[in-house]
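Please keep the sequence and the model in view while reading.

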Amino acid sequence: MIITARKSMFNLKETVWRYHRLIAILTAVIIVNIFELVLLYYKYDIFTGGFLQPFSYKSISERFIFVFLSLLFDLSLCGILASFWFYISNKFKKK
């Protein structure tokens, strides 16, 4: 039991190390998106529709599509910037 737990823990560490760049990008995108959605909600009432609000996403499908597209665009922008950043860091052998 202890041996298998140690093996699985070693596999987890190995997997995390192998994909540490992807995990870093996903974590940054998720945190940024949470802050963006909270700010949009409090400033523009985009999910509830406030007084004289021309655009609002009231149905679940509209909200899901909005959040999905926001994640997709943020992930593409951060992915492009991160790939450039990681290329430069590999070129200068910085970890």
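Asparagine 33 is in contact (heavy atoms within 4.5 Å) with Ser70, Leu71 and Asp74, once its neighbours within four places in sequence are left aside. The model is a predicted one, in which local features need pLDDT of at least 70 and side-chain atom pairs count only at pLDDT 80 or more, while totals for chains, interfaces and linings use all residues. Residues are numbered from 1 along each chain as its sequence is written, and side-chain values use heavy atoms, with hydrogens and water left out.

**Residues of helix H2**

- Asparagine 33 has its place in helix H2, where helices (H or I, at least four residues) and strands (E, at least two) are DSSP runs numbered from the N terminus.
- Asparagine 33 counts as buried because its relative accessibility is 3%, given that buried means under 20% relative accessible area, exposed over 50% and partly exposed in between, with a 1.4 Å probe and protein chains only.
- Leucine 40, also found in helix H2, is partly exposed, with a relative accessible area of 24%.
- Not counting residues up to four places away in sequence, leucine 40 touches Asp45, Ile46 and Phe66.

**Helix H3**

- Helix H3 comprises 32 residues (residues 60-91) and should span 46 Å at 1.5 Å a residue, which agrees with the 45 Å between its end C-alpha atoms; the expected span is 1.5 Å times one less than the number of residues.
- The buried residues of H3 are Phe66, Ser70, Asp74, Ala82 and Ser89, and these buried residues pack against helix H2 (20-44).
- Lysine 93, which follows H3, has a positive phi, near 55°.

**Aromatic pairs**

- Rings of Phe, Tyr and Trp (its six-membered ring) pair if their centres lie within 6.5 Å, and planes under 30 degrees apart count as stacked, over 60 as edge-to-face and the rest as tilted; by this rule the count comes to four aromatic pairs.
- One of these pairs is formed by tyrosine 41 and tyrosine 42, which are edge-to-face at 5.3 Å centre to centre, with 70° between the planes.
- Tyrosine 41 is partly exposed at a relative accessible area of 32%, whereas tyrosine 42 counts as exposed at 64% relative accessibility.
- Phenylalanine 47 and phenylalanine 66 form an edge-to-face pair, 5.9 Å centre to centre and with 75° between the planes.
- That pair links distant parts of the chain, since phenylalanine 47 lies in the loop between H2 and H3 and phenylalanine 66 in helix H3, 19 residues apart.
- Phenylalanine 47 counts as buried, at 14% relative accessibility, and Phe47, Tyr57 and Phe66 form one aromatic cluster.
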